[in-house]
Amino acid sequence: MAIFASEELLGTFVPVIVYWLYSGLYVLMGSISRFDDYRLHPRKDEDAKNLASKSTVVKGVLVQQAFQIAVSLLLFTVARNNATETVTTGTSLITLAGQFGVAMLVLDTWQYFIHRYMHINKFLYRHVHSKHHRLVVPYAYGALYNHPLEGLLLDTVGGALAFLVSGMSPRTAIFFFSFATIKTVDDHCGLWLPGNPLHVLFDNNSAYHDVHHQLYGNKYNFSQPFFIGWDKILGTHMDYTLQKRKGGGFEARPVKDGN
């Protein structure tokens, strides 16, 4: 029971710690002028174009993470009834891979449709989702800057469904949600770094999501955080080209499908 309890706590708090550590790495890189050559927006635009101060963003993220912690502890308490069999029998690598895959698909599906609906419904967009879009120029630790209701529906409930449907254990959840956190932060980092393995493995990346944060892409590229399948299937995919920006850095320019 003590081992299981420690896994519950790790599964709850490790993704939060990973969020700030990984975000901190991008803050450090962003403070070094040579990384300006990899920015998707000029450095000055973070303050000039964004409608929320960085202190406000930090407070908003901490509120959302408090909700996530509470729901995670509740989930792991519910899952405790099945813990004995999971701990004693162990889990094969094939089963773990399957659980990861199922959890990724469930999370992607949930977030696509909730995210898209928040753009379609004018009330929800104006009063809830527009808070996240105050960051026209995304940056790493603003990844979870959302209205509390959006954070609860999109991330917390989505994560809970992924956990329950996949049947993963709290131990597996530590790794899955840490990975999902890294992916979400990376998608908002505002940098296009050569050799970034997440850009190589996933078409859904910082440039893809940056298009969504711009006015021209507001009704496209809803998929997050892993794949772009739902955008492709349902006609909300907006392709882009990365071009060198005068003065340094890159710019994601939209190319609609079929053009």
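**Asking what the terms mean in this model**

Me: Gln214 has its place in the loop between H10 and H11. Why does Gln214 count as buried?

Reply: This is a predicted model, in which local features need pLDDT of at least 70 and side-chain atom pairs count only at pLDDT 80 or more, while totals for chains, interfaces and linings use all residues. Residues are numbered from 1 along each chain as its sequence is written, and side-chain values use heavy atoms, with hydrogens and water left out. Buried means under 20% relative accessible area, exposed over 50% and partly exposed in between (1.4 Å probe, protein chains only); the relative accessibility of Gln214 is 10%, and therefore Gln214 counts as buried.

Me: What makes the approach of Gln214 to His41 a polar contact?

Reply: The term asks for a pair of N or O atoms within 3.5 Å; within protein, one must be able to donate a hydrogen and the other to accept it, and residues adjacent in sequence count only if both atoms are side-chain atoms. The side chains of Gln214 and His41 are joined at 3.5 Å, and a polar atom of the Gln214 side chain also lies 3.0 Å from the backbone oxygen of Val136.

Me: Why is H10 described as mostly covered?

Reply: Helices (H or I, at least four residues) and strands (E, at least two) are DSSP runs, numbered from the N terminus. In H10, 8 of the 8 residues are buried, among them Tyr208, His209, His212 and His213. At the start of this helix, a side-chain oxygen of Asn205 comes to within 3.3 Å of the backbone nitrogen of Ala207.

Me: Where is Asn204, and which residues does Asn204 touch?

Reply: Asn204 sits in the loop between helix H9 (197-201) and helix H10 (206-213), and is buried, with a relative accessible area of 0%. Contact means heavy atoms within 4.5 Å. Not counting residues up to four places away in sequence, the residues touched by Asn204 include Lys183, Asp187, Gln224 and Pro225, and the Asn204 side chain reaches the backbone oxygen of Phe227 at 3.1 Å.

Me: What makes the bond between Gln224 and Pro225 and the phi of Asn221 worth a remark?

Reply: Most residues other than glycine have a negative phi, and most peptide bonds are trans. Gln224 and Pro225 are joined by a cis peptide bond, with omega about -5 degrees, whereas Asn221 has a positive phi, near 55 degrees. Pro225 belongs to the loop between H10 and helix H11 (229-234), and Asn221 lies in the loop between H10 and H11, where Asn221 is buried at a relative accessible area of 0%.

Me: Why is Leu21 called exposed, and which residues form the nonpolar patch on the surface?

Reply: The relative accessible area of Leu21 is 60%, and so Leu21 is exposed. A patch is made of residues with over 30% relative accessible area and no salt bridge, with like charges joined within 9 Å and nonpolar side chains (Val, Leu, Ile, Met, Phe, Trp, Tyr) within 5 Å; a salt bridge is a side-chain nitrogen of Lys or Arg within 4 Å of a carboxyl oxygen of Asp or Glu. Here Leu9, Phe13, Ile17, Leu21 and Leu73 form the patch, with about 460 Å² of accessible area together (Shrake-Rupley method, 1.4 Å probe; for residues, only the protein chains shown count as cover). Helix H1 (residues 2-30) gives the most to this patch, with 4 residues, and Leu21 is found in helix H1.
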